[in-house]
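Please look over the structure shown here before reading on. The paragraphs below are meant to be read alongside it.

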Amino acid sequence: MIATVEINAWLRGEGFASPTAAAAARSVLEDAGLTNPRKRAMVASKVEPARALLAARLQRVCGAGRCRETARQSAAGRSQVEVPPASCEICGGSNNAAAAREMAAACVRAGVTRLLIVGGTRVLHAELKSLLAGSGVSLRCIDGAETTPSKKEALSDLAWADLMVIWASSPLPHKVSVSYTDECPPSVAKVTVRRRGIEALCGEVTASVSGAAAARRRA
Ligand SMILES: [Zn+2]
């Protein structure tokens, strides 16, 4: 017996949950000859080609405005299809992921690709790094509670950075923050974040770089 999958159930599992989304996905498969309107099942060997084709043609995005806007910038010719947040390419149902992608897109647009984060814990730094992997934005993070960088180290971090974030809500001894703020050259933009959490940090950086880019356009 040849293994088959039930097409509608498979599409639901791929995130095409609403009738509109399922119809959009189905018509992509039909146009490519992977199925036809009469069929309810397809052979299992077509699953991988079907998955690749759907990924190339359709962009799965949840209903959040932030995700839709970020997705538009990485659409690469694909049409947006609304899916539940857990299947969203941008956030996967996570506010932190959505905020990080939005920040990365805004930073790249503004030509800001090196972020120096002063403050925050190792766990937060690791999560932020993994959320930004492949985004074009790189991070250097200073855990002020665990290390006390020398003035020379602070200068070298600042020479590397396009933008410095002082994450003031987190454990950040004054002597650490001051060694960065005192030495910060005018060429490095500075954002102070007083709220906790990755979503808050990303939101404030996004607002800052978007505002700065808009001001440059007006000038
Ligand atoms: Zn989303």
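Predicted model: local features only at pLDDT ≥ 70, side-chain atom pairs only at ≥ 80, totals over all residues.

Residues are numbered from 1 along each chain as its sequence is written.

The chain has nine helices and eight strands, where helices (H or I, at least four residues) and strands (E, at least two) are DSSP runs numbered from the N terminus. Along its principal axes, the C-alpha trace spans about 70 × 40 × 25 Å. The radius of gyration of the chain is 22 Å, whereas a compact globule of 219 residues would have a value near 17 Å; this radius is taken over C-alpha atoms, and the globule rule is 2.2 Å times the number of residues to the power 0.38.

The domain assignment divides the chain into domain 1 (4-87) and domain 2 (95-218), with bounds that come from an automatic or database domain assignment. The C-alpha centres of domain 1 and domain 2 lie 36 Å apart. Five residues of domain 1 are in contact with four residues of domain 2, contact being counted if the C-beta atoms of two residues, placed from the backbone, lie within 7 Å. On the side of domain 1 that touches domain 2 there are two nonpolar residues, two polar and one charged; here Ala, Val, Leu, Ile, Met, Phe, Trp, Tyr, Cys and Pro count as nonpolar, Asp, Glu, Lys and Arg as charged, and the others, Gly among them, as polar.

Turning to the helix pairs, axes are lines fitted to C-alpha atoms, for helices over the stretch in contact, and angles run from 0 to 180 degrees between N-to-C directions. Helix α2 (residues 19-31) and helix α3 (residues 47-57) have axes that come within 10 Å and cross at roughly 115°, and α2 and α3 are therefore roughly perpendicular to each other. Angles under 35 degrees count as roughly parallel, over 145 as roughly antiparallel, 65 to 115 as roughly perpendicular and the rest as oblique. In this pair, Ala25, Val28 and Leu29 of α2 meet Ala50, Leu53, Leu54 and Arg57 of α3, a contact with six nonpolar residues, no polar and one charged.

Helix α4 (residues 65-73) packs against helix α5 (residues 95-109) at an angle of about 45°, with their axes 10 Å apart, and α4 and α5 are therefore oblique to each other. Arg66, Cys67, Thr70 and Gln73 in α4 meet Ala98, Arg101, Glu102 and Ala105 in α5, and the residues of this contact divide into three nonpolar, two polar and three charged.

Helix α5 also packs with helix α9 (residues 198-218), at an angle of about 20° and with their axes 8 Å apart, which makes α5 roughly parallel to α9. Their contact includes Ala99, Met103 and Ala106 of α5 and Cys202, Val205 and Val209 of α9; by class, the contact of α5 with α9 has 10 nonpolar, five polar and three charged residues.
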